[in-house]
Amino acid sequence: MDTHDAATAPIAIIGGGVSGALTAYHLIRQNPKVRVVVVDPGTSPGLGLAYATPSYRHLLNVPAGKISALRDEPDHFLTWLRANHDPHAEPMMAQPKTFAPRAVFGRYIQSLLASVSGIGYLRAKVVDLNSRETERY
Ligand SMILES: Cc1cc2nc3c(=O)[nH]c(=O)nc-3n(C[C@H](O)[C@H](O)[C@H](O)COP(=O)(O)OP(=O)(O)OC[C@H]3O[C@@H](n4cnc5c(N)ncnc54)[C@H](O)[C@@H]3O)c2cc1C
């Protein structure tokens with residue numbers, strides 16, 4: 001019998017952009033016992049290409065009130081934004097305070113990652129998968 005316990009085996013997520021980061025975050029939020037390893041060759045988990053820009057002139061194309069990372073808390077990003085970047089941020093179409101810098105959204109994603117424990121990071125590029133390991137789970 002296979003002694004590997006699927007309940008405690010780590011989950012590998014390939015790619016540490018926003019999709020991978022939020023998948024890891026939500027897996028742990030749902031079950032704090034879950035262990036997750038995010039595999040990405042980059043040094044800044046959670047940013048990916050879109051949110052790695054340092055320029056505050058590069059804005060999100062989604063209003064602050066529509067881009068929460070938490071489905072059950074639609075104002076989560078807006079609240080974080082007001083507390084951490086711009087107290088006057090607006091949720092909807094009320095230029096120019098509606099569209100936050102992409103770099104700030106990246107900081108928001110990274111703050112979510114920092115708020116949970118259980119995510120490991122492996123700085124590497126995935127080049128292959130072992131199908132035997134995949135079948136096991
Ligand atoms: C310039 C730009 C601006 C954007 N602006 C917005 C916006 O304002 N609002 C919006 O909603 N969306 C925007 N987007 C779309 C944005 O890309 C997505 O919203 C989201 O960031 C995609 O995240 P992702 O994790 O799926 O992909 P990515 O951010 O591309 O992340 C993929 C990750 O996978 C890693 N990876 C790739 N291959 C491997 C491998 N073999 N092994 C390990 N790791 C690997 C990469 O290193 C990367 O970190 C923008 C995109 C770009 C390019």
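Tutor: H1 and helix H4 (residues 102-114) pack at about 30°, with axes 9 Å apart. Axes are lines fitted to C-alpha atoms over the stretch in contact, and angles run from 0 to 180 degrees between N-to-C directions. So H1 is roughly parallel to H4 (angles under 35 degrees count as such). This is a predicted model: local features need pLDDT of at least 70, side-chain atom pairs count only at pLDDT 80 or more, and totals for chains, interfaces and linings use all residues. Residues are numbered from 1 along each chain as its sequence is written.

Val-18, Ala-21 and Tyr-25 in H1 meet Ile-109, Leu-112 and Leu-113 in H4 (C-beta atoms, placed from the backbone, within 7 Å). By class, this contact has six nonpolar, no polar and no charged residues.

Now the ligand. Its shell holds 20 residues, with Gly-15, Gly-17, Ser-19, Gly-48 and Ala-50 the closest (C-beta, placed from the backbone, within 6 Å). Helix H1 (18-30) and helix H2 (48-51) each give two or more residues to this shell. Domain 1 (10-52 + 113-125) and domain 2 (59-100) both contribute to the shell, so the ligand lies between them.

Technical notes. Helices (H or I, at least four residues) and strands (E, at least two) are DSSP runs, numbered from the N terminus. Domain bounds come from an automatic or database domain assignment. Angles under 35 degrees count as roughly parallel, over 145 as roughly antiparallel, 65 to 115 as roughly perpendicular and the rest as oblique. Two residues are in contact if their C-beta atoms, placed from the backbone, lie within 7 Å. Ala, Val, Leu, Ile, Met, Phe, Trp, Tyr, Cys and Pro count as nonpolar, Asp, Glu, Lys and Arg as charged, and the others, Gly among them, as polar.
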